[in-house]
Amino acid sequence: MKAIVLSLLATMAMTLRVEAAEVKVINPDTWFAEGPVWYRDKLFYVEYGRHTVMVWDGKANKVFWKQEGCGPSAVVPNADGEFLVTCYDSNSIGRISAEGKSLEPFTVDRSAAPFVGPNDLAPDRKGGVYFTGSGKGGALIDASAYYLGKDGTVTKVADDLHNANGVALSNDGNLLYVVETEDNRIIEFDVGNGGSLSNRRVFLRLDDLFPDRPHIWPDGIKVDSRGYIYIGQSPRSLGTSAEIVVVDQDAKLLRTLSVPSPSVPNFAFGPDEKTLYVMALDEIDKAPWRGKVYEIPNE
């Protein structure tokens with residue numbers, strides 16, 4: 001029996017080493033890395049703690065853009081070849097040229113109302129971009145979702161959200177998924193003309209997937225080419241490692257992906273979707289929220 005146990009332990013240890021070897025660290029010292037996107041053979045991501053947009057070309061991490069006071073949480077390219085960045089701290093949507101130069105930001109919607117805590121971005125196929133405004137957080141039901149049209153008009157398309165966070169479109173563009181972090185759930189809307197939203201309903205409660213676990217606080221959300229939905233974890237609970245949760249279009253749990261850090265708020269698919277670039281935090285309770293960027297197999 002002892003020999004069998006030792007053999008099993010050895011096999012488990014070997015498996016763990018193999019899994020660890022497959023996890024690559026492409027940036028070992030980030031300050032709250034968030035909101036990444038793979039674009040033109042490069043990884044763009046933000047560091048909230050350094051007020052930067054970073055770019056990784058497969059060899060080195062470099063500063064693409066920096067603006068003190070922005071507090072960036074996500075970055076995406078737009079239809080004009082520029083970049084949009086959610087400036088959580090300055091309550092604006094920053095605009096960046098293809099060369100990394102600051103352009104005039106968006107600061108209010110079409111009714112001249114300011115944004116509160118812009119958080120995540122989701123481009124559509126019509127040249128527009130959805131983004132969330134997280135609100136002031138806590139118990140307040142004061143978050144919103146917006147649609148930035150190709151013409152530059154920003155329209156509030158949903159309100160009374162509870163700490164709106166990650167946002168993603170279905171592959172056909174007919175559904176918008178929005179994370180409500182404080183309620184531990186994902187909601188969905190039907191997408192209409194001009195970016196309008198309707199028929200709000202709950203898509204998934206994380207507590208229903210894991211009824212015997214403490215709360216999982218959802219954060220970033222992405223949809224792969226099969227329509228599977230990947231959900232990250234907000235830095236709110238301590239643990240030795242965090243998981244990315246993968247569900248299908250019916251909210252059925254398919255699998256989880258483990259990362260050796262306490263929190264994995266957001267991530268991006270590589271070009272073939274066989275790789276995930278994961279933004280991770282090791283410090284979740286104090287600035288500058290040090291962490292890493294991982295490259296992991298998406299299997």
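Biologist: In which loop is R40 found?
Modeller: This is a predicted model, in which local features need pLDDT of at least 70, side-chain atom pairs count only at pLDDT 80 or more, and totals for chains, interfaces and linings use all residues. Residues are numbered from 1 along each chain as its sequence is written, and side-chain values use heavy atoms, with hydrogens and water left out. Helices (H or I, at least four residues) and strands (E, at least two) are DSSP runs, numbered from the N terminus. On that numbering, R40 is found in the loop between β2 (33-39) and β3 (42-47).

Biologist: Is R40 buried or exposed?
Modeller: Buried means under 20% relative accessible area, exposed means over 50%, and partly exposed is in between, with a 1.4 Å probe and protein chains only. R40 has a relative accessibility of 66%, so the residue counts as exposed.

Biologist: What is the phi of R40?
Modeller: Most residues other than glycine have a negative phi. R40 is not a glycine, yet its phi is positive, near 50 degrees.

Biologist: Where is D160 found, given its positive phi?
Modeller: D160 is likewise not a glycine, and its phi is about 55 degrees. The residue is found in strand β13 (residues 154-161).

Biologist: Which residues does the cis peptide bond join?
Modeller: Most peptide bonds are trans. Here omega is about 5 degrees. The cis bond joins A287 and P288.

Biologist: How many helices and strands are there in the chain?
Modeller: The elements named so far, including β2 and β3, are strands. The count for the chain is 2 helices and 24 strands.

Biologist: What is the radius of gyration of the chain?
Modeller: The radius is taken over C-alpha atoms, and the globule rule is 2.2 Å times the number of residues to the power 0.38. Along its principal axes the C-alpha trace spans about 75 × 40 × 35 Å. For 299 residues the rule puts a compact globule near 19 Å, and the chain agrees, with 19 Å.

Biologist: What percentage of the residues of the chain count as buried?
Modeller: The accessible surface, by the Shrake-Rupley method with a 1.4 Å probe and, for residues, only the protein chains shown as cover, comes to about 13,800 Å². Carbon and sulfur atoms hold 52% of that surface. Of the 299 residues, the buried part is 52%.

Biologist: How far apart do the centres of the positive and negative side chains lie?
Modeller: Lys and Arg count as positive and Asp and Glu as negative, while His and the chain ends are not counted. Each charge is placed at NZ of Lys, CZ of Arg, CG of Asp or CD of Glu. The chain has 31 positive and 41 negative side chains, and the centres of the two sets are separated by 4 Å.

Biologist: How many aromatic pairs does the count come to?
Modeller: Rings of Phe, Tyr and Trp (its six-membered ring) pair if their centres lie within 6.5 Å; planes under 30 degrees apart count as stacked, over 60 as edge-to-face and the rest as tilted. By this rule the count is 17.

Biologist: How many residues apart in sequence are the parts that F115 and F131 tie together?
Modeller: The rings of F115 and F131 are edge-to-face, 5.1 Å centre to centre with 80 degrees between the planes. F115 is buried at 1% relative accessibility, and F131 is buried with a relative accessible area of 1%. F115 lies in the loop between β9 (102-106) and β10 (118-123) and F131 in strand β11 (residues 129-133), so the separation of the parts is 16 residues.

Biologist: Which strands hold Y230 and F267?
Modeller: Y230 and F267 form a tilted pair, 6.5 Å centre to centre with 55 degrees between the planes. The pair ties together parts that are 37 residues apart in sequence, with Y230 in strand β19 (residues 229-233) and F267 in strand β22 (residues 263-269).

Biologist: Which residues does T107 touch, leaving out those up to four places away in sequence?
Modeller: Contact means heavy atoms within 4.5 Å. T107 is found in the loop between β9 and β10, and at 40% relative accessibility the residue counts as partly exposed. Its contacts are N91, S92, A113, P114 and F115.
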